[in-house]
Amino acid sequence: MKIITVDQRLAEKSGAKILIVGLPGVGKTSLLRSISREMLNSTLFVDIEAGDIAVSDLAVASVRPRRWEECRDLACALGGFNPALPATAAYSEAHFNEVMKNSELVRLASYQTLFVDSLTAASRLSFAWAEQQPEAIRDRGRKDLRAIYGLHARTMLGWLNQLQHARGRNVVFVAVLDKNVDDLNVATWQPQIEGGKTGRELPAIVDEIVTMTLVDFGDHKPVRAFVCTNPNPWGYPAKDRSGRLEQFEPPNLGALITKLTGPGQRKPFTIGSSEQPAQT
């Protein structure tokens with residue numbers, strides 16, 4: 001560990017880690033079309049769910065993971081190794097050195113932006129992998145669901161944290177948005193991800209959570225928009241760690257990344273004073 005000076009830290013190039021959620025068909029994959037040609041040249045489309053028909057004519061590099069091990073190696077190549085992990089663990093120095101023997105994975109270093117379509121599909125690969133591990137099988141050969149979900153949650157959170165530590169790169173995850181109604185008829189919105197733990201802890205990992213949806217601004221002509229902050233009128237998932245976003249932003253991924261990573265100031269951080277009267 002070493003001290004990073006103020007000048008060094010301020011000179012670092014930092015990427016944004018963004019989760020974009022939305023109902024099926026709202027146009028999440030098509031957001032690749034809003035990226036400039038220059039940015040698109042350094043973008044890698046991670047097509048996990050084979051749903052690229054919306055951008056089939058777009059000139060963007062792509063990989064198509066079919067197994068969880070491929071997703072894991074990709075994250076290791078981009079995020080580097082974690083020195084806290086033993087040699088037998090994923091994302092250890094030993095894992096990283098093995099990954100770097102693959103020339104295709106070494107080429108990942110040239111990409112500045114990663115577009116992962118989708119986190120929903122990635123969670124299904126992780127769950128399928130967890131089901132096949134020895135700790136998921138009981139003595140008599142039956143599956144242990146509790147062990148499967150526990151392993152799956154640890155695996156997904158480790159993967160997300162690994163990509164979060166790819167400091168200099170932009171990582172954009174997209175996921176399906178689910179509406180859940182409980183026994184008291186209270187509706188909540190959350191990303192569609194296998195298992196509950198990953199969805200609960202995800203807001204503490206990524207920098208930005210954006211809901212892409214249709215919004216009626218009063219003219220009865222709904223248009224696509226990004227909902228970027230909480231609280232919002234619909235209770236949509238939203239979070240802005242940068243302090244630069246308005247509640248509504250245009251559904252332009254390139255402009256969003258530029259706003260988050262380019263020069264500019266964050267909005268003032270205000271807190272309530274103990275001398276202020278309580279709001280009722």
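Trainee: What do the buried residues of H6 pack against?

Mentor: They pack against strand S1 (17-22), helix H3 (68-79), strand S4 (113-117), helix H7 (145-164) and strand S5 (170-181). Contact means heavy atoms within 4.5 Å. Helices (H or I, at least four residues) and strands (E, at least two) are DSSP runs, numbered from the N terminus.

Trainee: Where do these values come from?

Mentor: This is a predicted model: local features need pLDDT of at least 70, side-chain atom pairs count only at pLDDT 80 or more, and totals for chains, interfaces and linings use all residues. Residues are numbered from 1 along each chain as its sequence is written, and side-chain values use heavy atoms, with hydrogens and water left out.

Trainee: Back to H6. Is the helix mostly covered or mostly open, and how many of its residues are buried?

Mentor: Mostly covered: ten of the 13 residues in H6 are buried. Buried means under 20% relative accessible area, exposed over 50%, partly exposed in between (1.4 Å probe, protein chains only). Among the buried ones are Leu119, Leu125, Phe127 and Trp129.

Trainee: What does H6 reach from its first C-alpha to its last?

Mentor: Helix H6 (residues 119-131) reaches 18 Å, close to the 18 Å expected at 1.5 Å a residue. The expected span is 1.5 Å times one less than the number of residues.

Trainee: What's the peptide bond from Asp117 to Ser118 like?

Mentor: That bond is cis, with omega near 10°. Ser118 sits in the loop between S4 and H6. Another cis bond joins Asn230 and Pro231, with omega about 0°. Pro231 is in the loop between strand S8 (223-227) and strand S9 (239-240).

Trainee: Why point those out?

Mentor: Because most peptide bonds are trans, and most residues other than glycine have a negative phi.

Trainee: So which residue other than glycine has a positive phi, near 65°?

Mentor: Asn185. Its place is the loop between S5 and strand S6 (187-191). Asn185 is exposed, at 64% relative accessible area. His220 also has a positive phi, near 60°. His220 is in the loop between strand S7 (208-215) and S8, and is exposed at 70%.

Trainee: New topic. How many disulfides are there?

Mentor: Zero, across the whole structure. A disulfide is a pair of cysteine sulfur atoms within 2.5 Å.

Trainee: Which residues lie nearest its centre?

Mentor: Glu12, Lys13, Ser14, Gly15 and Leu260, out of 32 lining residues. The lining divides into six nonpolar, 14 polar and twelve charged. Ala, Val, Leu, Ile, Met, Phe, Trp, Tyr, Cys and Pro count as nonpolar, Asp, Glu, Lys and Arg as charged, and the others, Gly among them, as polar.

Trainee: Which helix gives the most to that lining?

Mentor: H9, with four residues.

Methods:
1 Å grid on protein atoms, 1.4 Å probe; cavity = no way out; pocket = protein on both sides within 12 Å on 5 of 7 lines; lining within 4 Å.
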